[in-house]
Amino acid sequence: MRQNKDLNMTVDTDDHLIWMIGECFRNNLRLLIRIEPVLDHITFIPRDQKERIMTKARNEGNSDAVNALIDTIVKGPRPPGWSREFIDALSSAGCTYAALIVDTDTLPTPSLQAENDYCVQLIMILSPSLLKMKTTDVCEGCYAKNLVSEDDKQNILAATSCHGSKAGARILLDRIVMKPPGWFSIFLEVLRQTEHPDLVEELTGAKNALGLGTDASPEKDSSSSSSSDESVGDKEKEDKKTPKEEEQPEEKEKDEEEKEEEEKPKDKAKKEEELKRRSQALALETSVDTSGSACCGEATGPEAAGADAGEEDLLTLRPQQLAVAQPALEGRNIIVSMPTGSGKTRIAVYVAKQHLDHHRQQGTPGKVMVIVNKAFANTVAEHDVIICTAQILLNALQDTEDGISLADITLLVIDECHHTKKGGVYQKIMDLYLSDKLGNIKNKKAGQPEAPLPQILGLTASLGVDKACKIEKAKEHILRICASLDASALMTAHMEDQARNKEMIIARRRAQDPFGDVICSLMRRIQEHAQLKPTVAMGTQCYEQWVVDEEKKAACDDDQRKRVCAEHLRQYNEALIQSHSIRMCDAYQLLISFYRQEDRKKEGVAQTHTEEFLFKLFNENVKKLEDFSKQSEYENNVLSELRKTILKKFSGQDEVRGIIFTETRLSAMALHSWIQENSEFHGVKVCSSYLIGAGDQSAVKPMTASEQRDVLRKFNSGDVNLLIATTVAEEGLDIERCNVVIRYCLVTSEIAMIQARGRGRAEGSSYVVIGVEGSGVAERERLNEQREKLMKKAIEAIQKMTKKDYDNKVMQFQMEGWLEKGVLRRRTEERSRRRRMEPSAVKFRCRGCTVVACGGEDIEVIENAHHVNLSEAFRAKFKENTNSSRRGLNAPCEAEKYISCQGCGQFWGPMMLHRQLECPCLSIQGFVVLQGDEEETLESWTKLSVNFNQFDFYSHASRIVYRDEENT
């Protein structure tokens with residue numbers, strides 16, 4: 001028993017380390033590992049895989065090869081003891097800092113890592129000056145101080161001898177930055193000892209770096225003495241040199257210059273690009289850290305080093321920015337509404353630094369929390385600046401045992417604060433704040449001490465007007481956001497109009513659409529078969545909403561003919577919509593994927609009359625659809641306009657970095673394929689990729705967070721220069737060189753318009769809207785422009801209000817919110833008490849047929865999230881399926897196996913593995929919930945007020961173990 005426990009602990013530790021290497025340390029390791037010597041010391045990776053990694057190193061560079069090494073380790077298999085061998089290999093290859101990171105027991109502190117990152121970046125930036133060092137002398141000094149190994153020393157000296165001093169210096173700098181934190185001070189000491197005062201001055205910003213002729217501190221005196229002694233020794237050696245030896249340095253310098261000139265331009269450019277890439281990568285890895293910071297629990301930030309030059313450059317504001325920040329510097333809650341790229345983040349950093357400095361001067365602790373709209377207690381205790389998602393903070397605030405309170409925070413920075421509205425996670429955080437504020441008002445009246453509240457700093461590019469048409473309604477919307485954030489002021493700055501380079505391109509509707517005509521014909525026949533009479537046009541979002549409602553209604557009424565027809569109509573409608581903006585062949589593939597999946601669902605299951613009709617109808621017309629999808633003369637004109645726009649933008653500028661925003665995941669992937677397959681784009685060096693969301697609401701496989709990060713890294717570095725994205729990229733994507741933004745057949749709100757337009761950061765950026773005539777794209781875009789103007793007028797009107805009127809209005813909306821929440825809370829509690837049922841009161845009928853799958857008493861809940869049923873009666877009603885299409889379109893789930901109804905093949909949920917126990921996990925969307933005479937379909941288990949039993953692992957595990965023993 002003890003042995004099994006130890007084995008489980010080892011497996012858990014191994015999985016944790018793999019996750020850390022693959023997700024947390026990957027970017028650092030790519031910069032710190034030298035692939036060739038590390039592979040020489042690794043035995044657990046097969047020879048053929050090693051050769052593939054080395055081939056990648058030769059063809060694509062060291063960083064990509066390290067990426068391949070990490071992927072190989074993560075993928076496995078990994079023998080026992082692999083982690084120790086990997087760490088030893090890193091140490092033996094001279095990658096000691098990488099070894100310290102992987103060996104989590106010796107992982108440097110976040111602040112020390114941040115300081116080290118800053119030092120590495122400094123070396124990269126100043127490398128042109130550092131390459132002028134006396135390489136041989138510095139190499140000997142670094143070897144004596146154990147900064148370089150014996151092998152490194154030999155390589156450096158060989159490069160210096162064969163290719164000149166600068167070639168050796170490059171290798172030396174590359175080696176020392178891979179050392180653990182502390183190398184920088186040793187390197188400075190070596191530079192002092194080898195008489196490089198100019199380089200020391202550049203690296204430290206301190207004049208008279210050798211300490212000669214000044215009132216030096218004891219430490220400096222020691223350095224000076226050492227330097228002086230060595231200088232005397234060096235002078236004596238120089239006096240003994242022969243004339244021939246004295247001439248050699250000049251000749252050698254001349255040879256070096258000639259070799260530098262002879263160096264191949266391609267190799268030189270490659271080295272410079274690698275240096276630039278490493279510097280950029282380090283810059284991306286770091287963010288401001290004042291005396292220790294954490295990003296979702298991990299610290300980053302070069303400014304922790306406190307270097308004067310870097311800090312002065314980053315932490316100063318322009319006059320406009322300083323004027324906007326002034327109320328926050330006085331400790332007041334404010335909202336900063338400024339365009340994307342105008343310096344909101346710089347303002348937040350400046351305010352955070354001044355805030356912490358003020359608290360230190362007062363001798364009180366300061367805690368800055370920054371919440372963002374994308375992707376704990378110990379973290380808060382150990383760091384001064386914490387960057388996290390809003391949900392992480394809300395979870396910590398709601399955790400009554402191990403969480404935190406708002407009193408632990410002194411400054412709360414809320415990015416994209418326009419999301420602070422009803423029902424959102426930002427609003428829930430501010431509800432806790434406003435509840436504490438109300439408590440303080442009561443305590444003040446009662447003469448009791450008040451609880452400390454954090455200062456609030458809200459940041460946004462657009463507050464929006466919430467569909468308002470008149471200025472009063474727009475003012476009310478913005479004032480409600482001010483009230484939610486308890487803002488004492490709304491600060492803006494006059495910035496240059498970002499819409500100055502805007503283009504709107506509206507394509508003509510195609511004269512003939514035989515592909516769409518066939519789909520419409522099929523949809524009409526299905527509607528007749530199901531006796532469905534739509535009131536909206538086919539090929540629209542309104543039709544989709546109508547057909548979804550019809551499917552739910554039919555499921556509750558147990559009308560399988562209408563329900564199944566509605567499912568198929570939804571797929572045809574989606575294909576029709578997509579054919580208006582992407583290639584017909586992509587819309588055709590959507591239908592093919594759907595029917596293949598449906599065919600797999602029906603394996604071993606008898607088809608109903610309706611299903612036979614639907615499959616026969618599709619098979620009779622599939623050849624027509626395929627033929628029309630291949631005829632380019634019927635392709636939509638809007639795709640042609642997009643092609644012209646891309647070619648124009650990428651042909652007219654030296655360096656282009658663009659983003660195309662589109663509506664759906666399918667269209668993003670389809671446009672990427674279209675670009676990849678079109679040789680015209682290759683001619684202007686377009687290299688595309690797509691970026692889609694991580695949620696599972698769509699039929700298209702979502703991107704993992706790791707895949708999203710990889711795409712953004714390539715886009716930032718320039719490996720990808722055209723990104724096709726859904727609205728997931730509208731906020732928070734900051735690429736300074738992005739100079740083309742295209743909204744393709746997509747117009748939503750004025751906030752989305754401003755956010756998307758703001759992705760173009762570079763000088764002279766262009767913003768293009770492309771749509772089809774009659775689609776409403778042009779009209780909605782012009783409406784958003786009017787709303788943007790209305791928003792600006794409303795903000796100006798609010799800023800002209802007297803302080804008394806503004807404060808009264810904010811307090812009025814806060815009181816209104818408190819009363820509304822009290823009423824809502826009481827109604828919710830009352831409804832919950834009335835509707836809270838025992839498990840036996842509900843039953844679950846298959847959504848695809850009349851089979852009652854199970855009762856609520858058989859369902860158990862794992863970790864308050866997963867609803868499972870391990871009863872034998874339930875097991876007899878489903879079949880297990882291998883999810884071979886889980887990575888494609890229309891996949892039922894991401895799990896390797898899933899369960900479905902034995903009678904009709906309806907998807908019931910994934911098969912999950914919980915502590916080595918296979919558990920059928922029920923998806924409530926696969927069932928109709930029966931409550932007495934009531935029948936309903938639900939989208940989420942949270943909508944069902946039933947106290948299900950908690951999962952009894954011991955009972956189920958022991959039953960299976962005893963059963964297996966009896967069988968053996």
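Mentor: A helix is a DSSP run of H or I with at least four residues, a strand is a run of E with at least two, and both are numbered from the N terminus. This is a predicted model, in which local features need pLDDT of at least 70 and side-chain atom pairs count only at pLDDT 80 or more, while totals for chains, interfaces and linings use all residues. Residues are numbered from 1 along each chain as its sequence is written, and side-chain values use heavy atoms, with hydrogens and water left out.

Trainee: Which residue just after α25 takes a positive phi?

Mentor: That residue is Gln-531, with a phi of about 55°. Helix α25 itself covers residues 514–530, and its 17 residues reach 25 Å from the first C-alpha to the last, close to the 24 Å expected (1.5 Å times one less than the number of residues).

Trainee: How many of the residues of α25 are buried?

Mentor: Buried means under 20% relative accessible area, exposed means over 50%, and partly exposed lies in between, with a 1.4 Å probe and protein chains only. In α25, 12 of the 17 residues are buried, and the helix is mostly covered; among them are Phe-515, Val-518, Leu-522 and Ile-526. These buried residues pack against α26 (541–556), α27 (560–579), α28 and α29, contact being heavy atoms within 4.5 Å.

Trainee: At roughly what angle do the axes of α28 and α29 cross?

Mentor: The axes, which are lines fitted to C-alpha atoms over the stretch in contact, with angles from 0 to 180 degrees between N-to-C directions, come within 10 Å and cross at roughly 155° for α28 (residues 584–601) and α29 (residues 609–629). The two helices are therefore roughly antiparallel (a label for angles over 145 degrees). Residues that meet include Tyr-588, Leu-591 and Ile-592 in α28, and Phe-615, Phe-618 and Val-622 in α29. The residues of this contact divide into 12 nonpolar, one polar and three charged, where nonpolar covers Ala, Val, Leu, Ile, Met, Phe, Trp, Tyr, Cys and Pro, charged covers Asp, Glu, Lys and Arg, and polar covers the others, Gly among them.

Trainee: Where is the place of Ile-186?

Mentor: Ile-186 is in helix α13 (residues 183–193), and it is partly exposed because its relative accessible area is 27%. Although Ile-186 and Cys-142 are 44 residues apart in sequence, their C-alpha atoms are 8.1 Å apart in space. If neighbours within four places in sequence are left aside, Ile-186 is in contact with Lys-145 and Leu-147.

Key. Angles under 35 degrees count as roughly parallel, over 145 as roughly antiparallel, 65 to 115 as roughly perpendicular and the rest as oblique.
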